[in-house]
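Student: I would like to learn how to read the features of a protein model. Please show it to me and take the features in turn.

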Amino acid sequence: MSTTQSERLRELLEPLVSSKDLDLEEIEVASVGRKRVLRVVVDSDDGVDLDRIAELSREFSAKLDESDAMGDGEYTLEVGSPGAERPLKERRHYVRAIGRLAKFQLTEGGELTARILKVDDEGVDLEVPGVKGRKPTARRLAFAEIAKARVEVEFSRKPADDNDEKNVKEEEEA
């Protein structure tokens, strides 16, 4: 997809997304055989339910039909939210992942899997799980130290405990 088409699609669709208090995360045009697929990913701090996605899909379709942003050929429109193992690219992505386990690839090399506890303008505060019965430890990563990050799917996650974050902060201060 050309940058020009991407910019035109973003200019066309972003006002609709913003009017719903959502963020336009991604626009992708892909060729699947002879057809093209326009994939639009939206999200918010509270997530996005299927009713909002269906409503946006109808509005996108109407807006695209009245414009020439996709050209004359046939295409399929897919509107959705980020997947369970979403990449973390912007500060707001990290904020939305507070309390979740994430895998970090570090700029200096190596990987780290830890729970995101707090996010500020400079980086993230993490809880690194203990190994072989040891207690979890606190760690700070600046955004500049993170090459890539992705939310991890947890099948046996323990229920959130408001005291966990408080305890980690108290350990850091001690």
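Student: Is Met70 buried or exposed?

Tutor: First, the ground rules. This is a predicted model, in which local features need pLDDT of at least 70 and side-chain atom pairs count only at pLDDT 80 or more, while totals for chains, interfaces and linings use all residues. Residues are numbered from 1 along each chain as its sequence is written, and side-chain values use heavy atoms, with hydrogens and water left out. A residue is buried under 20% relative accessible area, exposed over 50%, and partly exposed in between (1.4 Å probe, protein chains only). Met70 has a relative accessible area of 3%, so Met70 is buried.

Student: Where is Met70 placed, and which residues does Met70 touch?

Tutor: Helices (H or I, at least four residues) and strands (E, at least two) are DSSP runs, numbered from the N terminus. Met70 sits in the loop between H2 and strand E3 (75-80). Contact means heavy atoms within 4.5 Å. Not counting residues up to four places away in sequence, Met70 touches Gln5, Leu9, Val29, Arg36, Leu38, Leu64 and Tyr75. Val29 is 41 residues away along the chain, and the two C-alpha atoms are separated by 9.1 Å.

Student: What span should helix H2 have?

Tutor: The expected span of a helix is 1.5 Å times one less than its number of residues. H2 (residues 50-65) has 16 residues and should span 22 Å; the C-alpha atoms at its ends are 22 Å apart, which agrees.

Student: Which residues of H2 are buried?

Tutor: An α-helix has 3.6 residues a turn, so residues three or four places apart point the same way. In H2 the buried residues are Ile53, Leu56, Phe60 and Leu64. Seen down the axis of H2, these buried residues fall within an arc of 65° (taken from the directions from the helix axis to the C-beta atoms), so they line one face of the helix. Asp51, Arg58 and Asp65, on the other side of H2, are exposed.

Student: Which strands does H2 lie across?

Tutor: Axes are lines fitted to C-alpha atoms, for helices over the stretch in contact, and angles run from 0 to 180 degrees between N-to-C directions. H2 lies across E2 and E3, and runs at about 145° to E3.

Student: In what order do the strands of that sheet stand?

Tutor: Two strands pair if DSSP finds at least two bridges between them. The open sheet has three strands in the order E1-E2-E3, with mixed pairing. Strand E1 (23-32) and E3 stand at the edges with a single partner strand each, so one side of each is left without a neighbour in the sheet. From one strand to the next, the twist averages 15°. E1 and strand E2 (residues 35-43) pair in the antiparallel sense over nine bridges; Glu28 has Arg39 in E2 as its bridge partner.

Student: How many residues lie between E4 and E5 in their hairpin?

Tutor: Four residues lie between E4 and E5, and Gly109 in the turn has a positive phi of about 100°. Strand E4 (residues 101-106) and strand E5 (residues 111-119) are antiparallel, paired over five bridges. E5 also pairs with strand E6 (residues 123-128) in the antiparallel sense, over four bridges.

Student: What polar contact does the side chain of Asp125 make?

Tutor: A polar contact is a pair of N or O atoms within 3.5 Å; within protein, one must be able to donate a hydrogen and the other to accept it, and residues adjacent in sequence count only if both atoms are side-chain atoms. Asp125 lies in strand E6, and its side chain makes a polar contact with the side chain of Arg140 (3.0 Å). Asp125 counts as buried at 13% relative accessibility.
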